Amino acid sequence: MRTPGAAPGTGAGTAEMSVVTAFAGMRRVVDVMFKAACPDCRAGFELTPGALRLAIGASSRTTFYSFTCPECGSAVRKPAGERIVELLTGGGVRTLRLHSTV
């Protein structure tokens with residue numbers, strides 16, 4: 001018998017499982033690498049989570065990620081939308097939350 005409102009094929013009392021719950025306790029099997037490019041020298045490369053920093057501000061204008069180009073040494077800062085924030089935090093990039101002084 002199906003619980004009213006439950007999806008077909010689910011038993012009574014079956015709760016939906018979140019992604020966090022489904023993967024809780026799992027260890028990373030493959031090291032995460034992020035593809036990036038330098039706007040100065042135009043080099044393309046891969047970076048480990050430790051080579052990136054994510055700053056989350058109060059608005060989209062103050063939310064960004066940064067890294068140092070391994071080819072030319074330039075400090076690179078790029079805007080980070082919601083999806084980028086999700087990918088970087090999920091991949092283990094260290095995050096700094098910026099607070100307003102107002």
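**Entry: a buried pair.** I began with two phenylalanines: Phe45 is buried, and Phe67 is buried as well. By buried I mean under 20% relative accessible area, with exposed over 50% and partly exposed in between (1.4 Å probe, protein chains only). For Phe67 I noted 4% relative accessibility.

**Entry: ground rules.** This is a predicted model: local features need pLDDT of at least 70 and side-chain atom pairs count only at pLDDT 80 or more, while totals for chains, interfaces and linings use all residues. Residues are numbered from 1 along each chain as its sequence is written, and side-chain values use heavy atoms, with hydrogens and water left out.

**Entry: aromatic rings.** How many aromatic pairs does a search of the whole structure find? I got 2. Rings of Phe, Tyr and Trp (its six-membered ring) pair if their centres lie within 6.5 Å; planes under 30 degrees apart count as stacked, over 60 as edge-to-face and the rest as tilted. Phe45 and Phe67 are an edge-to-face pair, because their ring centres are 5.9 Å apart and their planes meet at 75°. This pair links distant parts of the chain, with Phe45 in strand S2 (residues 44-47) and Phe67 in strand S4 (residues 64-68), 22 residues apart. Tyr65 and Phe67 have ring centres 6.3 Å apart and planes at 20°, so I wrote them down as stacked. Tyr65 counts as buried at 17% relative accessibility. Together, Phe45, Tyr65 and Phe67 form one aromatic cluster.

**Entry: a charge over a ring.** Next I looked at Phe64: the charged end of Arg77 sits over its ring, 3.6 Å from the centre. The test asks for NZ of Lys or CZ of Arg within 6 Å of the ring centre and within 35 degrees of the ring normal.

Entry: Back at S2, I followed the side chains along the strand. In a regular strand the side chains alternate between the two faces of the sheet. Strand S1 (residues 34-37) runs antiparallel to S2, and 4 bridges join them; two strands pair if DSSP finds at least two bridges between them. Gly44 in S2 is the bridge partner of Ala37. S1 and S2 form a hairpin with 6 residues between them, and Arg42 in the turn has a positive phi of about 65°.

**Entry: cysteines.** How many disulfides does a search of the whole structure find? The count is 0, where a disulfide is a pair of cysteine sulfur atoms within 2.5 Å. The sulfur of Cys38 has its closest cysteine sulfur in Cys72, but 3.7 Å is too far for a bond. Cys41 is in no disulfide either, and the nearest cysteine sulfur, that of Cys69, is 3.7 Å away. Cys38 is buried, with a relative accessible area of 2%, whereas Cys41 is partly exposed at 33%.

**Entry: the whole chain.** Stepping back, I counted 2 helices and 6 strands. Helices (H or I, at least four residues) and strands (E, at least two) are DSSP runs, numbered from the N terminus. Along the sequence the pattern is α-β-β-β-β-β-α-β. Of the 102 residues, 25% count as buried.
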